[in-house]
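Take a moment with the picture before reading on.

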Amino acid sequence: MSRRNVNAIPTDDPSAGPVLEFQAVAMRYGRSPEVLRDIHLSLAPGSFHFLTGASGAGKSSLLKLIYLAHEPSRGLVRLFGRDIATLPRSELPWIRRRIGVVFQEYRLLDHLSAFDNVALPLRIAGRKLSDYRSDVAELLHWVGLGARMHALPPTLSGGEKQRLAIARAVVARPDILLADEPTGNLDHEMGQRIVRLLIELNRQGTTVVVSTHDRSLVEPSGMPVLRLEAGRLYGVSAAA
Ligand SMILES: Nc1ncnc2c1ncn2[C@@H]1O[C@H](COP(=O)(O)OP(=O)(O)O)[C@@H](O)[C@H]1O
Ligand SMILES: [Mg+2]
């Protein structure tokens with residue numbers, strides 16, 4: 001399970017502050033009532049958290065705030081020490097590259113092979129195949145898809161697709177990995193495998209947040225839990 005060449009250890013000074021900070025953050029869609037209110041959150045570099053809450057509690061909305069797909073209606077959001085409200089637009093791509101996202105519905109490109117799906121972020125960044133070929137192959141082996149490298153996503157099982165989506169989300173070595181209900185479409189055994197993979201990634205240095213409403217995955221892991229209820233966040237652990 002070595003990921004020597006594709007490791008995600010943050011390069012920042014470990015004495016630096018949290019990778020993410022929310023102070024009194026609220027969020028709404030358009031003119032509707034706020035779906036998140038008074039959220040305080042601080043994620044230490046290298047921490048792991050589950051984000052739980054019933055359907056509609058605001059898990060996806062909270063993650064959208066972190067990956068900058070939505071703006072808060074109130075409060076302060078700081079990523080890697082930078083206040084995103086005053087961040088020059090030119091710095092947004094730099095911040096976005098440091099955050100990998102995995103979605104329940106995979107969002108793979110069906111006409112590209114498993115290898116090319118994972119390689120795409122690197123190709124877009126202008127890297128050469130000769131330069132990333134072995135990294136991508138190693139990463140695919142790490143997620144257990146070494147033998148399926150040339151397969152197209154429609155021929156993969158749900159668990160294989162989700163492991164491919166994880167490989168793609170981490171290939172550019174993000175500092176933060178967000179996974180939004182990554183086990184929602186999978187059976188319990190594959191869900192556990194996905195959680196083990198995310199915990200292993202965290203052990204290698206990546207800050208991880210995984211939303212799920214599946215308690216049977218959360219409890220045995222012993223990992224800290226953030227809980228959303230009626231738009232408010234509870235149970236921020238000492239580890240955060
Ligand atoms: N694009 C949207 N436009 C308007 N309301 C939304 C949108 N997405 C989510 N909501 C509402 O925001 C609330 C929180 O939703 P969501 O963050 O998706 O919860 P969860 O991921 O925990 O199921 C729900 O009331 C939902 O209906
Ligand atoms: Mg959701």
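## Before we start

This is a predicted model, in which local features need pLDDT of at least 70 and side-chain atom pairs count only at pLDDT 80 or more, while totals for chains, interfaces and linings use all residues. Residues are numbered from 1 along each chain as its sequence is written, and chains are lettered from A and ligands numbered from 1 in the order in which they are written.

Helices here are DSSP runs (H or I, at least four residues), numbered from the N terminus. Axes are lines fitted to C-alpha atoms over the stretch in contact, with angles from 0 to 180 degrees between N-to-C directions.

## H3 against H5

Helix H3 covers residues 114–124 and helix H5 residues 158–170; their axes lie 7 Å apart, at an angle of about 25°. The two are therefore roughly parallel (angles under 35 degrees count as such).

Which residues of H3 meet H5? They are Ala114, Asn117, Val118 and Pro121, and their partners in H5 are Leu164, Ala167 and Arg168 (contact means C-beta atoms, placed from the backbone, within 7 Å).

## H5 against H6

H5 also packs with helix H6 (residues 188–203): the axes come within 10 Å and cross at roughly 15°. H5 and H6 are therefore roughly parallel too.

On the H5 side, the contact involves Gly159, Gln162, Arg163, Ile166 and Val170, which meet Met190, Arg193, Ile194, Leu197 and Leu201 in H6. Sorted by class, that gives six nonpolar, two polar and two charged residues.

Key: Parallel < 35°, antiparallel > 145°, perpendicular 65-115°, else oblique. Contact = placed C-beta atoms within 7 Å. Nonpolar A, V, L, I, M, F, W, Y, C, P; charged D, E, K, R; others polar.
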